[in-house]
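Visitor: Please take one part of this model and go through it closely. I would like the helix packing, contact by contact.

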Amino acid sequence: MLREIRPAIVLLLVFTAITGLAYPLAMTGIAGAVFPAQAQGSLIEKDGKVLGSVLIGQEFKEDKYFHGRPSATLAPDPNDSTKTVSAPYNAANSGGSNLGPTSKALADRLKEDVDRLKAENPNAAVPADLVTTSASGLDPDISPEAAEFQVPRVAKARNMPEDQLKQLVASSTQGRWLGLLGESRVNVLALNLALDRASAK
Amino acid sequence: MTVIGWLQIILFCVVIVGLTKPLGWYMTRVFNGEKTFLSPVLRPIEAGIYWISGVDERREQHWLTYTVAMLLFHVGGFLIIYGVMRLQAVLPFNPAGQTAVAEDLSFNTAISFITNTNWQNYGGESTISYFVQMVGLTHQNFLSAATGIALAVALIRGFSRASMRTVGNFWVDVTRCTLYVLLPICVIYTLFLVWQGIPQTLGDYVEATTLEGAKQTIAVGPVASQVAIKMLGTNGGGFFNANAAHPFENPTALSNFVQMLSIFVLGAALTNVFGRMVGNQRQGWAILAVMGVLFIAGVAVTYWAEASGTSMLQALGLTGGNMEGKEVRFGIVASSLFAVITTAASCGAVNAMHDSFTALGGMIPLINIELGEIIVGGVGAGMYGMLLFVILAIFVAGLMVGRTPEYVGKKIEAREVKMAMLAILVLPLMILGWTAVGVVYPAAVASMANAGPHGFTEVLYAYTSGTGNNGSAFAGLTGNTLFYNVTLASAMFVGRFFMIVPAMAIAGSLAAKKSIPPSVGTFPTTGGLFVGLVVGVILIMGGLTFFPALALGPIVEHLAMNAGNVF
């Protein structure tokens, strides 16, 4: 048994060096050279400033932008570090609501959001993804239905024809991969950037 | 449920079955010590590793030595993780300025990673540095996976050998598994993941100014290299708190599909390794069929439950299934499928929050783990876990006809059956025992996030996941408390090693036996009858043990939900 001690120690150190340092560092070097944009986090820059990442959702509250899904991410309470406060789309602390199917807190939140959205657009059914929080709290996408649902509000705020916005939503919609995998979706940040460009014309 | 949803599920199954044979062929060569197409590059490295560590690759070990070597290796692994977590403030690659991790959380995480559980009481981007991610976690992801596979191969050798005292050399098995199987796949896999959008950088967290002018700090890091092995090695500990739901850990439907494949692929291939080593590949396919039956049943229930949604959503006119805690790019089907895969294997990565699943949709992941994670299972752990159930099933079959049971040429006798039962009884002991404590001890009760039966399920799920070395969670439960850090660590430790030691004892006992040729009285173990028998034994064992607990949790919650109750 004693002669197993040397391999235990030496192999542990060797594999720490190979799998814990050489592998991730080499991959960082190669990935940075081959796919530099993705390796840095698929960042979008405008006028030299980072606007965000195309993969990470951000909070939109103004009427003139399409809104993403509700986010349940938290941040430490600035007044009491042992507590947390709601901080939607906190990309340094991802997470979901973890509310279950019989949660009263979830029922209350859903009812409030559905009522608010129904008041905003009484003519369409409220899409489920627009009132449910995502798993990461950073979901960059909404369903095409959720984007269309918001067209009247955005059209009014921007004084743009609804048809033009509907076209914009349609052209921003990404289908399933090879028509099979995943779901159709609209990247909210990309849609809003396209919207700003369209308004500027 | 939709046709396109089922097509995604079928495509997944087809690809897994397609990969089983070629990968099984390759892995068999690796563990038999034969040449592979990578040998010209890797053989000199392998020989160098043996030379500096003083390993004689031709000297095989008795099962007890093999097990002790494995345990020694894990003591070292534990010390490294614990050490780097406690010291991370003074170690390099810490751009976010993370401070030392607390003693109990470091202890829990170290146990969690050496046992291949990867339970996340730590918060990823908010708790640990890049250095800990790489040297502590990425490194142990490789070694705990390699260990699991090595142990499974040792048990398979027990079946395939005759009248021998040894079951292989642990150091050689771990080294060859890491160098020839895990690392080459991970190198290619990492590049694929970066191409899909996963970051791989040592740079600072990004400070962005959003379109509406707010500040957003975006956590990045060497993510892709960690994600590759976390999936392939069925580890499941995420780089980020939200795990594979985070867009930086799983950015597209394609990355999601490949991640699901990588959870299952090595475990499925091991069934073929088993078949090849015992000299009849149909033995391996029969085991994969047992796994397949249970898997499809689980997928069907979870997909149906999640697509049906909850009565709360329906009352508000919200259609399209239960999207709370799910990502739009995956939708209902890819989230349901992922949840069943990650718990059938002992992966524990999640791309949707299981805590927000419907009562029945969330019950299937729970059952998958409670059955022992033998539906493909953790890399290696699933294979030796399944072989324990096969031994029981064969024993039951033997009782029915009054013959000494045999399996692939080995007589299954009292010692094997006792050891198999010893290993399997660990599950109810840790799961039900600790859950009972957790639901009465006040400090533990305070950790529940949901009230009513769902709170009970959160606790049950935590100990189930810990004991099964899964690592997924009903994550509303506040696990980062002294009570949960310590008790979950004990569940993970006992769940891993108290299963391994009896399994290795079986390996040693079988290897020493003579091989007997099949006769007309031998129960055929490659046909539908055998598959049905094993499925039956697994369900009866699991059902008798865990049904009362499930009745108190998800089943009563389902009834409450349909009655319109909220808590």
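Guide: Start with the residues that meet. From α14(B) come Arg415(B), Glu416(B), Met419(B), Ala420(B), Leu422(B), Ala423(B), Val426(B), Met430(B) and Trp434(B). They meet Thr487(B), Ala491(B), Val494(B), Gly495(B), Phe498(B), Met499(B), Pro502(B), Ala503(B), Ala505(B), Ile506(B), Ser509(B) and Leu510(B) in α17(B). Contact here means C-beta atoms, placed from the backbone, within 7 Å. By class, this contact of α14(B) with α17(B) holds 16 nonpolar, 3 polar and 2 charged residues. Nonpolar covers Ala, Val, Leu, Ile, Met, Phe, Trp, Tyr, Cys and Pro; charged covers Asp, Glu, Lys and Arg; the others, Gly among them, are polar.

The model is predicted: local features need pLDDT of at least 70, side-chain atom pairs count only at pLDDT 80 or more, and totals for chains, interfaces and linings use all residues. Residues are numbered from 1 along each chain as its sequence is written, while chains are lettered from A and ligands numbered from 1 in the order in which they are written.

Now the geometry. Helix α14 of chain B spans residues 414–438, and helix α17 of chain B spans residues 482–512. Helices are DSSP runs (H or I, at least four residues), numbered from the N terminus. The two pack at an angle of about 175 degrees, with axes 8 Å apart. Axes are lines fitted to C-alpha atoms over the stretch in contact, and angles run from 0 to 180 degrees between N-to-C directions. So α14(B) is roughly antiparallel to α17(B), a term for angles over 145 degrees.

Compare another pair. Helix α5 (residues 130–160) and helix α6 (residues 170–196) of chain B pack at about 120 degrees, axes 9 Å apart. α5(B) and α6(B) are therefore oblique to each other; oblique is what remains after under 35 (roughly parallel), over 145 and 65 to 115 degrees (roughly perpendicular). Among the residues of α5(B) that meet α6(B) are Phe142(B) and Val153(B). That contact has 10 nonpolar, 2 polar and 1 charged residues.

Technical notes: Two residues are in contact if their C-beta atoms, placed from the backbone, lie within 7 Å.
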